[in-house]
Amino acid sequence: KKILLSEFVFPKETNIDWIQWKDDLVLRSQVFNFENLNTFKMDSLIKQDFDAYQEWLRSSERIENYINDGQTKIKECYLAEIKFRFNFYNHYKNKYDLESANLVYGNIKDLETKRFEHLYETNPSFKTFFKWRINQFLKIFSGNGKEPERAIIFSMYVILFFAFIYLLFPNSWDSLGKKRLMHRFEFFQKYLRRNDGMHTIYLEEQQEEISSYEEFKANLEKTKTELPSFFIKWSKPLYNASMFSSRIMARFLKSTDILKGKWQDLTPKQKRWKNLQIGFLLTIGLIYDLFIKMLNALMLSINTFTTLGFGEIPIKGLPRYLAIIQGFIGWFMLT
């Protein structure tokens, strides 16, 4: 049941958590004030049956009438209820009980939301509608500003939701992934038609890049006497770092190359092993491509949500318009 309290100031030593009231407080004086504004019903009850009037005073009906028709709809009642709760709010803040103070503030904002709803119903307009709805949104999104961690969680949900949509549609960031897939099948086609190992074919394909590194190294060796020693020392680690990925990949392919030789020259048993070998490598490649595609979708969503932008949205079709909507949502939520 609702609890009726008179308006008073708490002594500082009072120790009652707001959660014990369960948001069921009602300002007693305003209930009677509201009843005075509705004297017709009271007078009619007194004239008909005084006992019925006494019973009505003790009933919850009068409280519900006040809550539904007076607490937020009549300005005087609303302001008195807000002031009443701010006494609680200040009391808890003075006691450094921020948990209870935040709960009181949430209750105040709930009353304010009901007040805005009433104002919209009595005077429908774009302004009154958004005043009411934004109050509702802020309660869910950030606990009326008292729970900012909610904002982070909701932002993550929005980013992941749009990332999933972008994942279903192609974008320019994934164009390299398509080329990688085609190149991978061409690579294995060469491997199955030749006697060379995979690492040999890989190094052949990287020959242009490796040659440029070798040329870089050769030029350094030729000009040793013409360049400072520190310059040579710094250049060698740069060369090794540039060659690192090619060397690692070549070693990996060499270690996984179980069977060499043309496909047509292999025995049925060797072909089964070769199938397993290539199937394993293709699966790893596809998983890598899928991971990159998911990463691209996530990065695109974060980029759009935070409204960073690169001057061009790297997607086409429906997602392009969704990206604009997400950008607006991100701007609004971050603000």
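At roughly what angle do the axes of helix α8 and helix α13 cross, and within what distance do they come? Please keep in mind throughout that the structure before you is a predicted model.

Let me begin with the chain as a whole. The protein chain contains 14 helices and 2 strands. It has 335 residues, and 34% of them are buried. Its accessible surface is about 22000 Å², and carbon and sulfur atoms account for 62% of that surface. Consider next the contacts between residues at least 6 apart in sequence: 62% of these join residues at least 24 apart.

I now return to the opening question. Two packed helices are described by the angle between their axes and the distance between the axes. Helix α8 covers residues 148-167 and helix α13 covers residues 268-305; their axes come within 8 Å and cross at roughly 130 degrees. The arrangement of α8 to α13 is therefore oblique. The crossing of these two helices, α8 and α13, is right-handed.

Which residues form this contact between α8 and α13? On the α8 side they are Ser155, Val158, Ile159, Leu160, Phe162, Ala163, Tyr166 and Leu167. On the α13 side they are Lys293, Met294, Ala297, Leu298, Leu300, Ser301, Ile302, Thr304 and Phe305. Sorted by class, the contact of α8 with α13 comprises 13 nonpolar, 3 polar and 1 charged residues.

Helix α13 also packs against helix α14, which spans residues 318-334. Here the angle is about 55 degrees, and the axes of α13 and α14 are 7 Å apart. This pair, α13 and α14, is oblique as well. From α13, the residues Ser301, Thr304 and Phe305 take part. They meet Ala323, Gln326, Gly327, Gly330, Trp331, Met333 and Leu334 of α14. The classes in the contact of α13 with α14 are 5 nonpolar, 5 polar and no charged residues.

Is Thr304 buried or exposed? Its relative accessibility is 11%, so Thr304 counts as buried. Leaving aside residues up to four places away in sequence, Thr304 touches Tyr166, Ala323, Gln326 and Gly327. Of these, Tyr166 is among the α8 residues that meet α13, while Ala323, Gln326 and Gly327 are among the α14 residues that meet α13.

Let us turn to the other helix that packs against α8. The axes of α7 and α8 are 6 Å apart, at an angle of about 90 degrees. Helix α7 is therefore roughly perpendicular to α8. In this contact Lys139, Ile140, Phe141 and Ser142 of α7 meet Pro148, Arg150, Ala151 and Phe154 of α8. By class, the contact of α7 with α8 has 5 nonpolar, 1 polar and 2 charged residues.

The loop between α7, residues 126-142, and α8 holds Asn144. Most residues other than glycine have a negative phi. Asn144 is not a glycine, yet it has a positive phi of about 60 degrees. With a relative accessible area of 13%, Asn144 is buried.

A second residue of this kind is Tyr96, which also has a positive phi, of about 65 degrees, although it is not a glycine. Tyr96 sits in the loop between α5, residues 75-94, and α6, residues 98-122. How accessible is Tyr96, and what does it count as? Its relative accessibility is 70%, so Tyr96 counts as exposed.

Ile82 is buried, with a relative accessible area of 12%. Setting aside residues up to four places away in sequence, Ile82 touches Ile108 and Leu111. Between Ile82 and Lys109 there are 27 residues of separation in sequence, and their C-alpha atoms are 9.2 Å apart in space. Asn90, by contrast, is partly exposed, with a relative accessible area of 39%. Asn90 and Ala101 are 11 residues apart in sequence, and the distance from C-alpha to C-alpha is 7.5 Å.

Thank you for your attention.

Terms used: Residues numbered from 1 in each chain as written. Predicted model: local features only at pLDDT ≥ 70, side-chain atom pairs only at ≥ 80, totals over all residues. Heavy atoms only, no water. Axes fitted to C-alpha atoms, helices over the stretch in contact; angles between N-to-C directions. Helix = DSSP H or I, 4+ residues; strand = E, 2+ residues; numbered from the N terminus. Parallel < 35°, antiparallel > 145°, perpendicular 65-115°, else oblique. Left-handed = near helix turned anticlockwise from the far one by under 90°. Contact = heavy atoms within 4.5 Å. Nonpolar A, V, L, I, M, F, W, Y, C, P; charged D, E, K, R; others polar. Buried < 20%, exposed > 50% of the residue type's maximum accessible area, 1.4 Å probe, protein only. Areas by Shrake-Rupley, 256 points an atom, 1.4 Å probe, with all protein chains shown as cover.
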